[in-house]
Amino acid sequence: MAGVDQLNQVFFDGVAEGQLRIQQCGDCGAYQFYPRVVCKLCGSEHVHWKVASGRGQVASFSVVRRGVSADFAAPYIVALIELEEGVTMMSHVVDVDPNQVISGMAVTLTFRTVGGADIRPVFIPASKS
Amino acid sequence: MDLANVAIVGSFETDLGIVTDRGPMALGVQATLGAIADAGLQPSAIDGLITCNSLVAPVMYHAEATAEYAGLTPGHCLSVGTGGGTTYTALRYAAAAIQTGLATTVVVSMADSMRSFMTRDRAMAVQSSSGHPQFEQPYGPTVPAYYALIARAHMDAFGTTEAQFAEAMVSSRAWAHQNPTAQYRERVTVDDVLASKPIADPLKLLDCSIVSDGGAAVVLTTLERARDLPHAPIVLKGYGEGHHYEHISQATDLTQSAAADSGKAAFEQAGIEPADIQLAQLYDCFSPALLIQLEDLGFCDKGAGGEFLASGVTQPGGTLPVNTHGGMLSHCHPGNPGAIFGLTEAVRQYRGAANERQLAHLEHTLLHAQGGIMSSHATVILGREN
């Protein structure tokens with residue numbers, strides 16, 4: 001994948017194996033996402049990969065009515081998902097009526113093709129999993 | 001030398017709105033030379049040029065290329081790229097160059113042509129490319145969607161309503177209606193905004209800034225030198241910046257921005273409070289951005305931005321006039337230079353040249369801009385010479 005370095009490749013290798021990989025600091029214990037070569041909290045270089053539980057909640061969301069390009073058929077739901085480990089990631093909420101999405105809604109990890117391109121981690125309502 | 005010893009002495013706006021006869025570089029050069037002439041100076045007096053690169057036609061050495069085109073040979077050239085915040089960050093670097101003796105007289109100039117020299121699809125792609133390339137952009141977020149995430153969070157936290165966000169455009173058009181250079185001048189109602197096309201829930205078309213062509217420039221010099229020039233000096237009283245994150249998915253609080261830091265620093269340096277401001281020129285790229293700036297800069301309490309906007313105080317005749325030119329929601333938004341028209345309008349207000357929009361009393365102006373998604377904030381406080 002263009003522009004992906006070895007560090008980020010570990011994340012995408014995880015996606016290929018059906019895992020959502022985040023990082024945890026070996027010194028202070030903090031989780032972080034996106035992947036970094038250092039812990040953003042304490043500066044330690046002892047950051048390790050962890051497989052996230054895949055449980056989280058919708059921190060905020062928007063139903064996009066005008067897509068960013070022809071590859072993205074509107075409407076689609078762009079959301080910030082707060083994982084139960086405490087980190088936040090951008091993703092989609094799928095398999096749901098856009099009118100039923102609310103902030104705080106419990107969601108669960110799955111994987112889908114996004115934007116007609118690669119398989120990405122996305123989320124479905126926890127009630128459907 | 002303290003900040004108040006630097007003054008704005010020249011100002012110029014090109015044609016604005018839909019401008020097809022000249023592109024970004026030509027507009028930037030026109031703005032540069034126009035501002036120098038407005039200051040009553042010869043081009044040879046300019047020893048610093050600070051510009052913002054074009055998104056439409058980026059060049060590798062933007063300030064240098066602008067100088068070359070204009071026939072300037074300044075001792076210092078710098079292109080600044082802090083997105084929407086560029087205008088005020090550039091203004092601070094210009095002042096710093098003057099304060100430290102690096103330069104005596106500096107032009108800050110910028111222009112772009114996103115309306116006429118870029119297709120809508122390309123403009124959409126360029127703007128949304130501010131997202132993280134591996135962890136945000138693959139999900140197809142548009143720029144309105146980024147701001148919609150903030151709007152939704154504000155609604156969830158404080159009960160802000162879509163009708164309150166709509167007041168941003170109502171206020172903007174009330175001012176733009178009085179400004180012949182504004183691209184959109186028709187008054188709108190809250191219902192008009194609510195009925196406009198859905199873009200990224202909860203934001204509709206009329207919650208979003210416009211897309212324009214145009215440029216502007218200002219000239220800064222020492223206060224001492226400014227006293228010999230035609231226009232009464234407008235002095236820099238305070239400046240602050242704040243940077244909590246770059247990508248929206250890294251924000252720890254979607255409803256509290258680093259404008260709180262930049263505003264606090266600027267007020268402290270100026271030695272004044274929000275109540276001392278007669279004109280606020282804010283960054284209204286999207287309605288929630290305006291609302292949150294009003295809170296974070298201290299004009300109202302956290303969470304009360306919706307009620308504050310809906311009370312009409314920012315409109316003509318209100319106690320806190322905001323964006324008297326019409327702002328980026330109605331006046332001109334060519335891309336990253338958008339905030340410079342808040343500055344050139346402030347200059348017009350200080351000179352008593354704002355016609356129908358003229359404020360009766362103006363001592364202190366607050367200028368604020370931000371880049372990214374409420375990410376990089378810069379605040380300037382202007383005043384008159386004591």
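This is a predicted model: local features need pLDDT of at least 70, side-chain atom pairs count only at pLDDT 80 or more; totals for chains, interfaces and linings use all residues.
**Ground rules.** I kept in mind that local features need pLDDT of at least 70 and side-chain atom pairs count only at pLDDT 80 or more, while totals for chains, interfaces and linings use all residues. Residues are numbered from 1 along each chain as its sequence is written, and chains are lettered from A and ligands numbered from 1 in the order in which they are written.

**Entry 1: where A meets B.** I looked up the chain contact and found 28 residues of chain A touching 26 residues of chain B; contact here asks for C-beta atoms, placed from the backbone, within 7 Å. On the chain A side, the elements giving two or more residues are strand 4 (55–64), strand 5 (76–83) and strand 6 (88–92). Strands are DSSP runs of E, at least two residues, and helices are runs of H or I, at least four, numbered from the N terminus. That side of chain A splits into 13 nonpolar, 11 polar and 4 charged residues. For the classes, Ala, Val, Leu, Ile, Met, Phe, Trp, Tyr, Cys and Pro are nonpolar, Asp, Glu, Lys and Arg are charged, and the others, Gly among them, are polar.

**Entry 2: domains of chain A.** I have domain 1 at 6–51 and domain 2 at 55–128, with bounds from an automatic or database domain assignment. Their centres, over C-alpha atoms, are 21 Å apart. I see 7 residues of domain 1 contacting 9 of domain 2. The domain 1 side has 5 nonpolar, 2 polar and no charged residues.

**Entry 3: helix 5 of chain B.** I checked its length: 16 residues (143–158) at 1.5 Å a residue should span 22 Å, and the end C-alpha atoms are 23 Å apart, which agrees. The expected span is 1.5 Å times one less than the number of residues. I count 13 of the 16 as buried, meaning 20 or more other C-beta atoms within 10 Å of a residue's own, with C-beta atoms placed from the backbone. Just after this helix, B:Gly159 has a positive phi of about 75°.

**Entry 4: helix 6 against helix 10, chain B.** Helix 6 (residues 162–176) packs on helix 10 (residues 287–296) at about 95°, axes 8 Å apart. I therefore call the pair roughly perpendicular, a label covering 65 to 115 degrees. Among the contact residues I noted B:Phe165 and B:Met169 of helix 6 and B:Leu290 and B:Leu291 of helix 10. The contact has 7 nonpolar, 1 polar and no charged residues.

Notes:
Two residues are in contact if their C-beta atoms, placed from the backbone, lie within 7 Å. A residue is buried if 20 or more other C-beta atoms lie within 10 Å of its own, exposed if 12 or fewer, and partly exposed in between; C-beta atoms are placed from the backbone. Axes are lines fitted to C-alpha atoms, for helices over the stretch in contact, and angles run from 0 to 180 degrees between N-to-C directions. Angles under 35 degrees count as roughly parallel, over 145 as roughly antiparallel, 65 to 115 as roughly perpendicular and the rest as oblique.
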